Amino acid sequence: MGPLNSCDDLPVTSSPQPPSAPTEPPGHSDHAHVGHGHDHGQDQGPPPQGHSHGHSHSHGPAAPVSKHLRKVIAAVLIPFAVAVFVGMVVLWPGGAPAHERSGVGFDRQTQQGTVVALEQVDCKSVNASQVPTTGSVSTPEGREARAQQTGDCKKATVEVGTGPDKGRTFVEIVQPGAPRQLEEGQEVVVAYAPDAPRDLQYSVVDVNRKLPLAVLAGIFAVAVVVVGRMRGLFALIALVVSFGVLTLFILPAILQGSNPLVVAVVGASAIMLIALYMCHGLSARTSVAVLGTLVSLLLIGLLGSVFVDWAFLSGNTDDNTGLIHGLYPDIDMSGLLLAGVIIGSLGVLDDVTVTQTSAVWELHQADSSMGSRALYRAAIRIGRDHIASVVNTLVLAYAGAALPLLLLFSIANSSMGSVANSELVAEEIVRTLVGSIGLVASVPVTTALAALVVSADRPGSPAGAAASGPVRGGRGRRRKR
């Protein structure tokens, strides 16, 4: 046997060994072991004579499994992949349906513009047509109205940079207490209302953030490629493909009136297949992770459907969802909520299932004499640590996104029960808990599947011999059956 290379490119040579009979597989032999990355902190002491374990913290290539197991896995995954492809073909939209713009919120015609001049003016002079406020300054509305009459405002001259009216200028008045202040030379987004009087057709609705967002995205891409190398590059490609499926299939299909839950399941399955196999390779180890992710997604969809109906969650809780329902009344908003739960859980599910599958594979490579039960018990200890960290991450992610809302309830001195009972918060609670249950369930499910797959190999077969790792010296002991 010639020199072997691990993921860290460390040459490992093996001493010649007499061939082992299929009925006498090697037992505790030497392994070039590539660890999963979970350090249990246990000192096992010096290894016995003839045992040498080289530990590294990276995902190495998966050991091959037997031809029979490859056929079994293919018999499950190929029909699933075909069903996903057929589902995408059947549900594929012809594009987002056309509608007449309402001019509200995001449903407005917008162009790019630039602030070309800025001057300080007396707020009273630019609000002369307004009746002076008589409201109390103890309220936010009263203070704002008083500031509009007595404070210093900014008079911005904005030039339209795109569209049929390119080069046209208009004036925008910025109040002193406005959350968005303008500066000279700043790039802005302007809304266009063709039915309004000419002087009021254009108005500033936001600032242009494309450049800082593009720079941040570039830094992210460079960091992923520098650290992850080829695997990081494939991860970026998979990310682009995932967004392609989301924007070209999932969103237009929902807008066309297809069931959001069905579209989300088909689209999430396509993203899962593409991302996992592209990032981790076409192997039995990846296939087991795919199966574990699929089972967990089905559980999340089932639980989400039950509790969204039981809790009477409409999915129409803010201005944006209200606008969607107004423009497309045929969309099932509760189904859209379910679709968001499934897609939001997919990314974390991928991480959990791949981690658990890799842990089982590496434990089997470290000791090929371990049976399925021993492998499961060893890997589930890693999974318990993963569960604790991932669930905490998911809950804090949702809490961080809803922090302004939680702060508003805190200001109102609302009780925890009344806050949780409001539909806006109840949606986030259902989303968080259903996703977390799916994540927790994915650990034992994926670990059990992986343990059954790797322990079902015959160690005496060529594939099993490759899975047991290279042997440096000493004869393997006969394993008791």
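Predicted model: local features only at pLDDT ≥ 70, side-chain atom pairs only at ≥ 80, totals over all residues.
Helices are DSSP runs (H or I) of at least four residues, numbered from the N terminus.

The structure holds 4 aromatic pairs. In one of them, the ring centres of Trp92 and Phe249 are 5.7 Å apart and the planes meet at 20 degrees, so this pair is stacked, the cut-off being under 30 degrees. Trp92 belongs to the loop between α1 (67-91) and β3 (109-122), whereas Phe249 sits in helix α4 (residues 210-255), so the contact ties together parts that are 157 residues apart in sequence. The two partners can also be described by their accessibility. Trp92 counts as partly exposed because its relative accessibility is 46%, while Phe249, with a relative accessible area of 0%, is buried.

A further aromatic pair joins Phe307 and Trp310, with 5.7 Å from centre to centre and 35 degrees between the planes, and this arrangement is tilted. Both residues lie in helix α6 (residues 284-310); because they are 3 residues apart there, about one helical turn separates Phe307 from Trp310. Phe307 has 35% relative accessibility and so counts as partly exposed. Trp310 reaches 62%, over the 50% cut-off, and therefore counts as exposed.

Aromatic residues also come together in a cluster, made up of Phe170, Tyr192 and Tyr202. Strand β5 pairs with strand β4 (residues 152-160) in the antiparallel sense, over 6 bridges.

Turning to the record, an unreviewed UniProt entry places the feature "transmembrane region" at several spans, including residues 72-92, 211-228, 233-255 and 291-313. Two of these spans can be set beside the secondary structure of the model. Residues 72-92 are 95% helix and 0% strand, and the C-alpha atoms at the ends of the span are 30 Å apart. Residues 211-228 are 100% helix and 0% strand, with 25 Å between the end C-alpha atoms.

Methods. Residues numbered from 1 in each chain as written. Heavy atoms only, no water. Pairing = 2+ DSSP bridges. Helix = DSSP H or I, 4+ residues; strand = E, 2+ residues; numbered from the N terminus. UniProt positions renumbered as here; feature names shortened; annotations may be inferred. Phe/Tyr/Trp six-rings, centres within 6.5 Å; stacked < 30°, edge-to-face > 60°. Buried < 20%, exposed > 50% of the residue type's maximum accessible area, 1.4 Å probe, protein only.
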